[in-house]
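Trainee: I have a new model open. How should I read it?
Mentor: Take confidence before geometry.

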Amino acid sequence: MKIKGFTPVEVFSTSFADIFKPAFTLAEVLITLGIIGIVAAMTLPSILQKRERLSTVVALKKFYSSFQNAIIYPSLIMDRLLTGIQRQITMTRKQCMRGLTNMLFSI
């Protein structure tokens, strides 16, 4: 008589562990999953808080950069305008001096 591929002599001469492969029980698997779930539940809030804090820092850096550009850009434009106006004023002064010297020498 053969039971699951074993002869009667093999069945009685081998132990239970030799016939069946060792495996995890359902209880062991559930306990392991429960422990993993508890660890995840404990670590997720801190990870999410760090991510939120990092996104806030990035948003503040972007705002600071935009604000700084909003302050600096008009001053650069004003410097360019003032430089252009000063050039025009200087050229006008030169023209006035030429005109005055021409008037003085023509008298």
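Mentor: Start with pLDDT, the predictor's confidence in each residue, from 0 to 100. This is a predicted model. Its mean pLDDT is 76, and 63% of the residues reach 70 or more.

Trainee: Where is confidence lowest, and where is it highest?
Mentor: The general idea comes before the case. Where pLDDT is low, the predicted coordinates should not be read in detail. Here the lowest mean, 57, belongs to helix α1, residues 8-13. Helix α3, residues 26-106, has the highest, at 81.

Trainee: How many helices and strands does the protein have?
Mentor: Three helices and zero strands. Along the sequence that reads α-α-α.

Trainee: What share of the residues is buried?
Mentor: Buried means under 20% relative accessible area. Of 107 residues, 0% count as buried. The accessible surface comes to about 10,400 Å², and carbon and sulfur atoms contribute 71% of that.

Trainee: Which residues form a nonpolar patch on the surface?
Mentor: Phe24, Leu26, Val29, Leu30, Leu33 and Ile36. Together they have about 670 Å² of accessible area. Take Leu30, found in helix α3. The cut-off for exposed is over 50%. Leu30 has 53% relative accessibility, so it counts as exposed.

Trainee: What does UniProt annotate over residues 23-44?
Mentor: The unreviewed UniProt entry gives "transmembrane region" for residues 23-44. Such annotations may be inferred rather than shown by experiment. In the model, that stretch is 86% helix and 0% strand. Its end C-alpha atoms lie 31 Å apart.

Trainee: Now ring pairs. How is a pair of aromatic rings described?
Mentor: By the distance of the centres and the angle of the planes. The count here is one aromatic pair. The ring centres of Phe63 and Phe67 are 5.9 Å apart, with planes at 20 degrees, so the pair is stacked. Planes under 30 degrees apart count as stacked.

Trainee: How do Phe63 and Phe67 sit along helix α3?
Mentor: They are four residues apart, so about one helical turn separates them.

Trainee: Is Phe63 buried or exposed?
Mentor: Phe63 counts as exposed, because its relative accessibility is 54%. Phe67, at 47%, is partly exposed.

Methods:
Residues are numbered from 1 along each chain as its sequence is written. This is a predicted model: local features need pLDDT of at least 70, side-chain atom pairs count only at pLDDT 80 or more; totals for chains, interfaces and linings use all residues. Side-chain values use heavy atoms; hydrogens and water are left out. Helices (H or I, at least four residues) and strands (E, at least two) are DSSP runs, numbered from the N terminus. Buried means under 20% relative accessible area, exposed over 50%, partly exposed in between (1.4 Å probe, protein chains only). Accessible areas come from the Shrake-Rupley method with a 1.4 Å probe; for residues, only the protein chains shown count as cover. Patches are made of residues with over 30% relative accessible area and no salt bridge: like charges are joined within 9 Å, nonpolar side chains (Val, Leu, Ile, Met, Phe, Trp, Tyr) within 5 Å. A salt bridge is a side-chain nitrogen of Lys or Arg within 4 Å of a carboxyl oxygen of Asp or Glu. Rings of Phe, Tyr and Trp (its six-membered ring) pair if their centres lie within 6.5 Å; planes under 30 degrees apart count as stacked, over 60 as edge-to-face and the rest as tilted.
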